[in-house]
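Here's a quick tour of a protein model, with an eye on its surface and its aromatic rings. Have the structure open while you read.

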Amino acid sequence: MKLRSALMAATVLAVPAFALSTVAKAQPITGLYVGAGAGYDYQATQKMTEAPGGLGGSRAFYKGGFSGEASVGYGLGNGLRFEVEGVYLRATDKQLKPGYIAPKYDFHGYTQKYGGFVNALYDIDVGLPYFYPYVGAGVGYLWTGMPSSSITEAGVTSISDTAGSFAYQGIAGFSVPIPPAPGLSITAQYEYIGQTAKEKFNGSYMGTPATFEMGPAVNQTVMIGLRYAFNTPSPPPPPPAPVVAPAPAPARTYLVFFDWDKYNLTPRAKEIIAEAASNSTHVQYTQIQVNGYTDTSGSPSYNMGLSIRRAKSVQAQLIADGVPASAISIAGYGETHLLVPTGPGVREPQNRRVEIIIK
C-alpha cells in the first residue's frame with residue numbers, strides 16, 4: 001500500500017510535465033548526462049504521533065539546513081529525460097510544542113535524510129537560447145536519521161536511530177547553457193519531497209528505552225548546480241562569407257572611320273585595329289563584335305551593303321593581326337544607329353565608321 005500511494009502521488013505530479021510535451025519544443029538533450037547541485041533545505045513542521053511522557057501529538061519544528069543531490073540520466077532528444085537521483089537533506093532540530101498551552105521544549109540535535117529517486121522530467125524550449133525551464137516528478141525511498149537528538153527539558157535524553165519510508169517528489173527548475181562549454185549548463189532546481197509513512201525511532205526517556213514515532217515528513221529544497229550532457233554537438237561554425245563573383249569587365253570599344261563611300265582602311269584605321277587586336281590578347285573575352293555603319297548620303301539599300309563591306313574589311317585586318325576568325329562576328333547596320341544624328345543625305349564623317357566591341 002505504501003508503494004502504491006507513492007506511485008499515485010508521483011503520477012499526479014507528473015501529469016503537467018508530460019502534458020507540456022504537446023505544446024512546447026524541447027531542448028535537444030540526447031544520451032547520457034550527469035548533474036549535481038547544492039543548496040538550502042527546509043523541513044516542514046512534523047507531528048510526533050507517539051511518544052512517552054505525554055509528548056504524543058506534539059509538533060516538532062526545524063531550522064533550515066543543507067541539501068545536496070547528484071544524478072545520472074538519459075535524454076531521449078525530444079525533451080523527455082529519465083534519471084536516477086541521490087539526495088541528502090539536513091535540518092537542525094529546533095523546538096517541540098506539545099500543545100497550545102503546554103510549555104515549549106528545546107529540541108536539540110539535527111535530522112538528516114538520504115536516499116534515491118527515479119525521476120521523469122521534461123525540458124521546455126521557450127524560444128530563448130539561454131533559458132530552458134523544466135518540470136518533473138519522481139518516486140523513491142528516503143532514510144531518516146536522528147544521530148543525537150534530545151529534548152532534555154521533557155526527560156528525553158536521546159533519540160538516536162534511523163528509519164525509512166517510500167517517498168515522492170515534484171521538481172521544477174531551469175537550466176542556462178554555458179556557450180564556451182557545449183553540453184555544460186547551470187541549473188536552478190526546486191524539489192518538493194514528501195514521505196508516505198510514519199517512521200519509528202528508538203531512544204531513551206527518563207533513563208528507560210522508549211519509542212518515538214514521527215508522522216510523514218515534507219521537505220522543500222532549492223539548489224544551484226551543474227549538468228553536463230555528453231553527446232551535445234559543438235555549435236556549427238559560422239557560415240563562410242558569401243563569395244561575390246567579380247563583375248564582368250566592361251566591354252571595350254574601338255572606332256575605325258572611313259572616307260566617304262569607301263571601305264578600304266586608312267593607315268590610322270590599321271593602327272586602331274592593331275591596337276584592338278593586341279588588347280584582345282590581354283583580356284578574357286567571349287566575343288569580338290565588328291559592326292559597320294554609314295552616313296545618310298546614298299540610298300538605304302546601298303548604305304546597308306557598304307556597312308557590311310566595311311565590317312568585313314575590319315574583320316580581315318583583325319584576323320591578319322592575330323585574332324581568331326571564330327571569335328569575330330560581323331554585322332552591318334547601314335545608316336541606322338547614327339553616332340551624330342543628321343537628316344537624310346548628309347555626309348557626316350563620324351557616322352562612316354566600324355565599331356570593334358570586345359566583350
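A residue is called buried under 20% relative accessible area, exposed over 50%, and partly exposed in between, using a 1.4 Å probe and the protein chains only. On that scale, 42% of the 359 residues of the protein are buried. Keep in mind that this is a predicted model: local features need pLDDT of at least 70, side-chain atom pairs count only at pLDDT 80 or more, and totals for chains, interfaces and linings use all residues. Residues are numbered from 1 along each chain as its sequence is written, and side-chain values use heavy atoms, with hydrogens and water left out.

The protein has three helices and 17 strands; these are DSSP runs numbered from the N terminus, with helices being H or I of at least four residues and strands E of at least two. Contacts here mean heavy atoms within 4.5 Å. Of the contacts in the protein with a separation of 6 or more, 73% are between residues 24 or more positions apart. The accessible surface, from the Shrake-Rupley method with a 1.4 Å probe and, for residues, only the protein chains shown as cover, comes to about 18300 Å², and 63% of that belongs to carbon and sulfur atoms.

## A nonpolar patch

Which residues make the nonpolar surface patch? They are Leu32, Val72, Tyr74, Leu76, Phe82, Tyr228 and Phe230, and together they cover about 650 Å². Patches take residues with over 30% relative accessible area and no salt bridge, joining like charges within 9 Å and nonpolar side chains (Val, Leu, Ile, Met, Phe, Trp, Tyr) within 5 Å. Strand 4 (residues 65-76) gives the patch its largest share, three residues.

Tyr74 sits in strand 4 and is partly exposed because its relative accessibility is 45%. Beyond its neighbours within four places in sequence, Tyr74 touches Gly31, Leu32, Tyr33, Leu80, Arg81 and Phe82. Phe230 is in the loop between strand 13 (218-229) and strand 14 (252-257), and at 43% relative accessibility Phe230 is partly exposed too.

## Ring pairs

Rings of Phe, Tyr and Trp (its six-membered ring) pair if their centres lie within 6.5 Å; planes under 30 degrees apart are stacked, over 60 edge-to-face, and the rest tilted. That rule gives eight aromatic pairs. One of them is Tyr114 with Trp143, stacked at 6.3 Å centre to centre with 20° between the planes. This pair links distant parts of the chain, 29 residues apart: Tyr114 in strand 7 (residues 110-123) and Trp143 in strand 8 (residues 132-151). Tyr114 is partly exposed at 33%, and so is Trp143 at 38%.

Tyr293 and Tyr333 are also stacked, because their ring centres are 5.4 Å apart and their planes at 15°. Tyr293 lies in the loop between strand 15 (288-292) and helix 3 (300-320), and Tyr333 in the loop between strand 16 (328-332) and strand 17 (353-358), so the pair ties together parts 40 residues apart in sequence. Buried or partly exposed? Tyr293 is buried at 6%, whereas Tyr333 is partly exposed at 31%.

## Clusters and charges

Ring pairs also join Tyr114, Tyr141, Trp143 and Phe166 into a cluster.

A charge sits over a ring if NZ of Lys or CZ of Arg is within 6 Å of the ring centre and within 35 degrees of the ring normal. Arg353 does this over the face of Tyr293, 3.9 Å from the ring centre, and Lys97 over the face of Phe61, at 4.5 Å.

Key:
A salt bridge is a side-chain nitrogen of Lys or Arg within 4 Å of a carboxyl oxygen of Asp or Glu.
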